[in-house]
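Here are some quick notes to read alongside the model, all about the ligand site. Have the structure open as you go.

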Amino acid sequence: MNEANGSKMHLEFPVQGGNFSGAGGASSSIKNVLKQLGIAYDTIKRVAIASYESEINIVAYATRGELLVDIEPGEIAITAVDIGPGIPDIEKALQEGYSTATPLIREMGFGAGLGLSNMQKAADDMVIESVVGEGTTVKMKFRLS
Amino acid sequence: MNKKELQKTLSAETIFDNGAEPETGYNTVCACDMMSELLAVMNQTRRHNHGIILLTGLANPQVIRTSELVDIRLIVLLREKKPTAEMVELASKCGITIMSTPYTMYKSCGVLHERKLNDVQLETGAD
Ligand SMILES: Nc1ncnc2c1ncn2[C@@H]1O[C@H](COP(=O)(O)OP(=O)(O)OP(=O)(O)O)[C@@H](O)[C@H]1O
Ligand SMILES: [Mg+2]
């Protein structure tokens, strides 16, 4: 799972769809790794927020997925991959306020339609790929200052 | 403000104490019922958040998890809401203090504003 290879590191964290009680565990682990590596506070916060938003989206909308973390000199990449319903209209999903969250998701304190735009603001670069009926991949990059 | 003063100001009960006080004391308040909103607000701050008090009417484990991820160390549950056992366990793992106040959101904000606590400093937008 955790291969440190010179100055590169690759980590993988499974995320279970529908499991709200475990939601955030992967992002919390990622945050702790970055802290141990001595990454700057501002970067850790941006990565933690974006990774958590993507983890919550997997829990809320997908069947299952994974957070992949790639740490290299100068850059951290977080890729949230899931098997799930996919996003039919990505542009619409990115709009603040657009949400298909169920009452259960709202009860957990989510579903304001802010997650994807928040991820986009936190990351230096974000690309969403999605196939309806198959799943979604969100790739985010964070430059290390 | 330290935890004892906060407890008095809000007539609150401390349910779990992380045993620490931030160097700055608690000097900032974020009042928020939705975790989506809290994340959006925290995404606009650049400083350490250890002096932030989160006032929330939401009592579920995601409140603790979200706070941990944005470095909030003190949560006040409003209107006498009590944390579940799962929340307390997670809070103790994450080192987050939980209090419970009988006050509403409005009254809690009012008394803390009177005591000159700050709003969260957003990096962009008006204050
Ligand atoms: N991984 C995903 N799979 C399928 N649909 C998704 C996925 N991520 C997001 N969506 C869709 O895009 C919409 C917007 O997502 P976004 O994260 O911005 O907001 P939200 O999850 O609805 O609310 P918030 O993130 O503020 O709690 C969702 O309501 C959902 O319809
Ligand atoms: Mg979301």
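1. Start with an oxygen atom of ligand 1 and the backbone of chain A: a backbone N or O atom of Leu114(A) lies 2.7 Å from it. Keep in mind that this is a predicted model, so treat each distance here as computed from predicted coordinates.

2. Two side chains also make polar contacts with the ligand. Ser36(B) puts a polar side-chain atom 2.6 Å from an oxygen atom of ligand 1, and Asn57(A) does likewise at 2.9 Å. On its own, ligand 1 has 600 Å² of accessible area, and the protein covers 95% of that.

3. Who else is around? The shell has 20 residues, and the ones that come nearest are Ser99(A), Thr100(A), Gly111(A), Leu114(A) and Ser36(B).

4. Don't look at one chain alone here. The site is shared between chains, because the residues that surround ligand 1 come from chains A and B.

5. On secondary structure, two helices of chain A, H2 (41-61) and H5 (115-122), each give the shell at least two residues. H2(A) has the largest share, with three residues.

6. Finally, which pocket holds the ligand? Ligand 1 sits in the largest one.

How values were computed: Residues are numbered from 1 along each chain as its sequence is written. Chains are lettered from A and ligands numbered from 1 in the order in which they are written. This is a predicted model: local features need pLDDT of at least 70, side-chain atom pairs count only at pLDDT 80 or more; totals for chains, interfaces and linings use all residues. Side-chain values use heavy atoms; hydrogens and water are left out. A residue is near a molecule or strand if one of its heavy atoms lies within 4 Å of it. A polar contact is a pair of N or O atoms within 3.5 Å; within protein, one must be able to donate a hydrogen and the other to accept it, and residues adjacent in sequence count only if both atoms are side-chain atoms. Accessible areas come from the Shrake-Rupley method with a 1.4 Å probe; for residues, only the protein chains shown count as cover. On a 1 Å grid over the protein atoms alone, a cavity is a set of points where a 1.4 Å probe fits but cannot get out, and a pocket is an open set with protein on both sides within 12 Å along at least five of seven lines; lining residues have an atom within 4 Å of a point. A molecule sits in a cavity or pocket if more than half of its atoms lie within 2 Å of its grid points. Helices (H or I, at least four residues) and strands (E, at least two) are DSSP runs, numbered from the N terminus.
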